[in-house]
Amino acid sequence: MSFINYASREINCKIVYYGPGLCGKTTNLQFVYNKTAPEAKGKMISLATETERTLFFDFLPLALGEIKGFKTRFHLYTVPGQVFYDASRKLILKGVDGVVFVADSQEERIDANIESLDNLNINLKEQGYDLNRLPFVVQYNKRDLPNIVSVEELRRELNPANVPDFEACATTGEGVFETLKAIAKLILIDLKKGK
Amino acid sequence: MPSPQMVMYEDEYKKINHIIEKLLREANSKVIFLVDKNGQLISGVGETERFDTTSLASLTAGNIAATGGLAKLIGEKEFSILFHEGEKDNLHISIVGGRVILVVLFDSRSSLGLVRLRVKKASEELTAIFDGLLKRAEEKEKSSDSEFPFAEITDDDIDNLFR
């Protein structure tokens, strides 16, 4: 749930990047961090193992600017993608305003994508959310690799509801900001409706 | 359903700051933060400029969420107090009114006993205010009153954020 502070005239929203292990969630955040002006970002926190696998979450606060005199802040979180960290993933989804599903476009990861999306649905339901009613975008990552599935097939498997989706290569940054803009926009439109 | 939208108004904000400023003095502490369970900083008093408050808020909420998960695993509802002892500084973290996290940072000029005692009293006062805020938010939601600042937001406003 977003937090509106009339006293400090701020509005805070929480975006969670979800997806299977090694799909590039952390890389998305790192690219956003590297390309954002210092005054618009806070410190990026990564709670990761020694081998740089996300253990609990990555966190990146962004201040985008003002709308109607309110400072608009987005808090970006990633979940740990590895299957056995499910308990941690549930915790991070608490209070979420919008979800980005990062899919790994490689052929051998198609099952992992589907499993992770199912897991997202289940974990959201447990908290009383419905993915169909939550701001949601899909990113097909790693489009630069040779052994990838076509976007049409990925769309069929992972985006039946036809939410905004983007092709990306998070290491070079292609599609990263497009994805972020899309989810931020959906969240603000949702806020506009006043829930 | 997920808990309703958290909204903070000027009046309550002042009252809350008054209470935690008093707690800061009475508990001889260095800094006090109030954090939403979702990781958003509500307010902070004391030597706040020395800290990265946004990160602190998000990690505190992560910490509370993780220990809450542990509590459930062993059949507890939650662990309402956490205490982290450092070489110089210590953190006393507690849950207020089931929804908000109160973080007190203190050093050897204070003690765990004193902090616990003062936090208990301040928590009662804070709970009353947050209960009131929640009620107000629920009533607003029912009456669908739109003094909400984002009701009139345009597509241009949103696009401007990304220039």
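User: Happy to get started! Are B:Asp107 and B:Lys30 buried or exposed?

Analyst: Good place to begin, and please keep in mind that this is a predicted model. The side chains of B:Asp107 and B:Lys30 meet in a salt bridge, with 3.8 Å from N to O. B:Asp107 sits in the loop between β6 (100–106) and α3 (112–143) of chain B, and B:Lys30 in the loop between α1 (10–26) and β2 (31–36) of chain B, so the pair ties together parts that are 77 residues apart in sequence. As for their cover, B:Asp107 and B:Lys30 are both buried.

User: Which residues are joined with B:Lys121 in a salt bridge, and where does that pair lie?

Analyst: Side chains of opposite charge can pair when their charged atoms come close. Here B:Lys121 is partly exposed, at 48% relative accessible area, and B:Glu125 is also partly exposed, at 28%. The closest N and O atoms of the two are 3.7 Å apart, which makes the partner of B:Lys121 the residue B:Glu125. Both lie four residues apart, about one turn of the helix, in helix α3 of chain B.

User: Which residues of chain B do salt bridges with shared partners join into one network?

Analyst: One link is the bridge between B:Asp107 and B:Lys30. Through shared partners, salt bridges make one network of B:Lys30, B:Asp89, B:Asp107 and B:Arg109.

User: Where is A:Glu108 placed, and what is its relative accessible area?

Analyst: A:Glu108 is part of the negative patch. Its place is in the loop between β6 (98–104) and α3 of chain A. A:Glu108 is exposed, and its relative accessible area is 52%.

User: What is the area of the nonpolar surface patch in chain B, and where does B:Ile74 lie?

Analyst: B:Ile74 lies in the loop between α2 (53–73) and β4 (81–85) of chain B, and it is exposed with a relative accessible area of 60%. Together with B:Leu70, B:Leu73 and B:Phe79, B:Ile74 makes a nonpolar surface patch of about 440 Å².

User: Why does A:Cys23 have no disulfide?

Analyst: The search over all chains finds zero disulfides. A:Cys23 counts as buried, at 0% relative accessibility. Its closest cysteine sulfur is in A:Cys169, and that is too far for a bond because the distance is 13 Å.

User: Which loop holds A:Lys142, and what is its phi?

Analyst: A:Lys142 is found in the loop between β7 (136–141) and α4 of chain A. A:Lys142 counts as buried, at 18% relative accessibility. Although A:Lys142 is not a glycine, it has a positive phi of about 65°.

User: What is the phi of A:Asn162, and is this residue buried or exposed?

Analyst: A:Asn162 has its place in the loop between α4 and β8 (165–167) of chain A. Its phi is positive in a residue other than glycine, with a value near 60°. At a relative accessible area of 59%, A:Asn162 is exposed.

User: One last thing: how far apart in space are A:Ile189 and A:Asp111?

Analyst: A:Ile189 lies in helix α5 (residues 176–192) of chain A and is partly exposed at 30% relative accessible area. A:Ile189 and A:Asp111 are 78 residues apart in sequence, and their C-alpha to C-alpha distance is 33 Å.

Terms used. Residues numbered from 1 in each chain as written. Chains lettered and ligands numbered in written order. Predicted model: local features only at pLDDT ≥ 70, side-chain atom pairs only at ≥ 80, totals over all residues. Heavy atoms only, no water. Patch = residues over 30% accessible without salt bridge, like charges linked within 9 Å, V, L, I, M, F, W, Y side chains within 5 Å. Areas by Shrake-Rupley, 256 points an atom, 1.4 Å probe, with all protein chains shown as cover. Salt bridge = Lys/Arg side-chain N within 4 Å of Asp/Glu carboxyl O. Lys, Arg positive; Asp, Glu negative; His and termini not counted. Charge placed at Lys NZ, Arg CZ, Asp CG, Glu CD. Helix = DSSP H or I, 4+ residues; strand = E, 2+ residues; numbered from the N terminus. Buried < 20%, exposed > 50% of the residue type's maximum accessible area, 1.4 Å probe, protein only. Disulfide = S-S within 2.5 Å.
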